[in-house]
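Subject: Structure handover

Hello,

Here is the structure for you to look through. My notes on it follow below.

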Amino acid sequence: MQAAKKGDLDIEERTLENAMSLAEEIRQLRSEVKRLNKENKRLQEERNFLNEAAAFFAASRRK
């Protein structure tokens, strides 16, 4: 059961319809990974900007 969950064991018989749905699922998952990578990059840039802004304002308060 664990091998099937990890994808190490093929528990479904391959049919043309099944193969097409698997291919579509893979396409959708790759698209989702791409979208999440873009979002992650944007969030990292925002975090870096906010860290720099916080450091700037912290330094200006010390003067």
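Two rings of Phe, Tyr or Trp count as a pair if their centres lie within 6.5 Å, and such a pair is called edge-to-face if the planes are over 60 degrees apart. Please keep in mind that this is a predicted model.

With that definition, a search of the whole structure turns up one aromatic pair. The partners are Phe-56 and Phe-57, with ring centres 5.2 Å apart. Their planes stand at 75°, so the pair is edge-to-face.

Next, the chain as a whole. The protein chain has two helices and zero strands. It consists of 63 residues, and 2% of them count as buried. Its accessible surface comes to about 6,400 Å². Carbon and sulfur atoms account for 56% of that surface.

Then the charged side chains. How many salt bridges does the structure hold? The search gives four. I describe some of them here, going along the chain.

One of them links the side chains of Arg-27 and Glu-24, with 2.7 Å from N to O. Why are these two residues about one helical turn apart? Both belong to helix α2, which covers residues 16–62, and they are separated by about one turn because they are three residues apart in that helix. Arg-27 is partly exposed, at 48% relative accessibility. Glu-24 is also partly exposed, with a relative accessible area of 33%.

Another salt bridge is formed by Arg-35 and Glu-39, whose closest N and O atoms are 3.3 Å apart. These residues are four apart in helix α2, so about one helical turn separates them. The relative accessible area of Arg-35 is 41%, which makes this residue partly exposed. For Glu-39 the value is 32%, and this residue is partly exposed as well.

A further salt bridge joins Glu-46 to Arg-42, and here the closest N and O atoms are 2.6 Å apart. Glu-46 and Arg-42 lie in helix α2 too, at a spacing of four residues, or about one turn of the helix. Glu-46 counts as partly exposed, at 37% relative accessibility. Arg-42 is partly exposed, with a relative accessible area of 40%.

Regards

Note on methods: Residues numbered from 1 in each chain as written. Predicted model: local features only at pLDDT ≥ 70, side-chain atom pairs only at ≥ 80, totals over all residues. Heavy atoms only, no water. Phe/Tyr/Trp six-rings, centres within 6.5 Å; stacked < 30°, edge-to-face > 60°. Buried < 20%, exposed > 50% of the residue type's maximum accessible area, 1.4 Å probe, protein only. Areas by Shrake-Rupley, 256 points an atom, 1.4 Å probe, with all protein chains shown as cover.
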